[in-house]
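Here are some notes on the model, for your review.

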Amino acid sequence: TAPYDITLTGTQVYENSPVGTVVGVLGAASNIPNAVYSFSVVAGDTTLYTVVGQELRVAQGWTFTAKPT
């Protein structure tokens, strides 16, 4: 069963942050006790971010001038 709510704590990353910088932590609310979910980036420019465990991380260095988001 799919979760009924997906959350991201922390939603800010600074320009020129190094690769691997944690942007935030993903979570899921579910009616199933002890349910385990995995996350991935599937829309938009999927090269900017990666998911490691439950952490959303910077996948490549970028500047706002070069790649506004």
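1. Buried means under 20% relative accessible area, exposed means over 50%, and partly exposed lies in between (1.4 Å probe, protein chains only). By that cut-off, 16% of the 69 residues of the chain are buried.

2. This is a predicted model: local features need pLDDT of at least 70 and side-chain atom pairs count only at pLDDT 80 or more, while totals for chains, interfaces and linings use all residues. Residues are numbered from 1 along each chain as its sequence is written, and side-chain values use heavy atoms, with hydrogens and water left out.

3. The chain has four strands and zero helices (DSSP runs numbered from the N terminus: E of at least two residues for strands, H or I of at least four for helices).

4. The four strands form an open sheet with antiparallel pairing and the order S1-S2-S4-S3; strands pair if DSSP finds at least two bridges between them. At the edges are S1 (5–9) and S3 (49–52), each pairing on one side only.

5. S1 and strand S2 (residues 22–29) run antiparallel and are joined by five bridges. Within this pair, Leu8 stands opposite Leu26 in S2.

6. Which residue forms a salt bridge with Arg57? The partner is Glu55, with the closest N and O atoms 2.5 Å apart. The criterion is a side-chain nitrogen of Lys or Arg within 4 Å of a carboxyl oxygen of Asp or Glu. A search of the whole structure finds one such salt bridge. Glu55 is partly exposed at 25% relative accessibility, and Arg57 is partly exposed with a relative accessible area of 25%.
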